[in-house]
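Subject: Structure for you to look over

Hello,

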Amino acid sequence: MREIEAAAEGILFASGEPVHVDRICLALELDRPTAERVLQRLMDYYAYERRGIRLLRIEDSWQLCSAPDYAGAIRRAFEIRKPAKLSQPALEVLTIIAYNQPTTRAYVDQIRGVDSAYTIGLLLERKLIEECGRLQVPGRPRLYRTTKQFLRAFHLTSLEDLPEPPDIGGEGQMRLNDSGEVVDLAEEAEITGVDSPENADFPKAGTEEM
């Protein structure tokens, strides 16, 4: 088992990028449950021993990275500037996209009540969101979703780890209708006779094209 752990560690170190568990299974001739147990043991070891590196799980991929506790020393060693914190508008836009993805800029704009083009551009530059296709309505607006970098930045294994969604819209839950317009679910429930928006089977904003 120690040799298998060492081999997995070497693969992750050599990559420098997230490695899908299936690639590790193929390289080490392991079934997936065994590979995941090995990787989990390594993750627990780094954390328990307070080593200078950590093993992260990002959906079905794994990546070695430096421990957050030593970020200051690492920045000083390589003269790396501390990244700027996200502004409140950026956090608002990122939250809306995270909980409603894939979604359009028009959806984000209507919920916030302001133009979000500049903020979306910044989030794209920081690789926290990405384009993932177009909504099949007139004009075919771009769809956006969060990235693996988003999961890593917020220490999430998957989107399922997101907490309960905040009430960003203020007036209620929002969604895109089939024409690409933003509608309030509570108002739509009154029009269609649905007792509760949560009980209605509303379609997603669109499909991903990757």
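In β3, R57 has W62 as its bridge partner. Helices (H or I, at least four residues) and strands (E, at least two) are DSSP runs, numbered from the N terminus. This is a predicted model, in which local features need pLDDT of at least 70 and side-chain atom pairs pLDDT 80 or more, while totals for chains, interfaces and linings use all residues. Residues are numbered from 1 along each chain as its sequence is written, and side-chain values use heavy atoms, leaving out hydrogens and water.

β2 and β3 run antiparallel and are joined by 6 bridges (strands pair if DSSP finds at least two bridges between them). Their hairpin has 2 residues between the strands, and E59 takes a positive phi near 55 degrees there. Strand β1 (residues 19-20) is also antiparallel to β3, with 2 bridges, and H20 stands opposite S61. Since 5 of the 6 residues of β3 are buried, β3 is largely enclosed by the rest of the structure (buried is under 20% relative accessible area and exposed over 50%, partly exposed in between, with a 1.4 Å probe and protein chains only).

In helix α3 (residues 32-48), the buried residues are T34, A35, V38, L39, L42 and Y46. They fall within an arc of 135 degrees seen down the axis, so they line one face of the helix (the arc is taken over directions from the helix axis to the C-beta atoms). On the other side of α3, R37 and Y48 are exposed. Just after α3, R50 has a positive phi of about 55 degrees.

Regards

Notes
Expected span 1.5 Å × (residues − 1).
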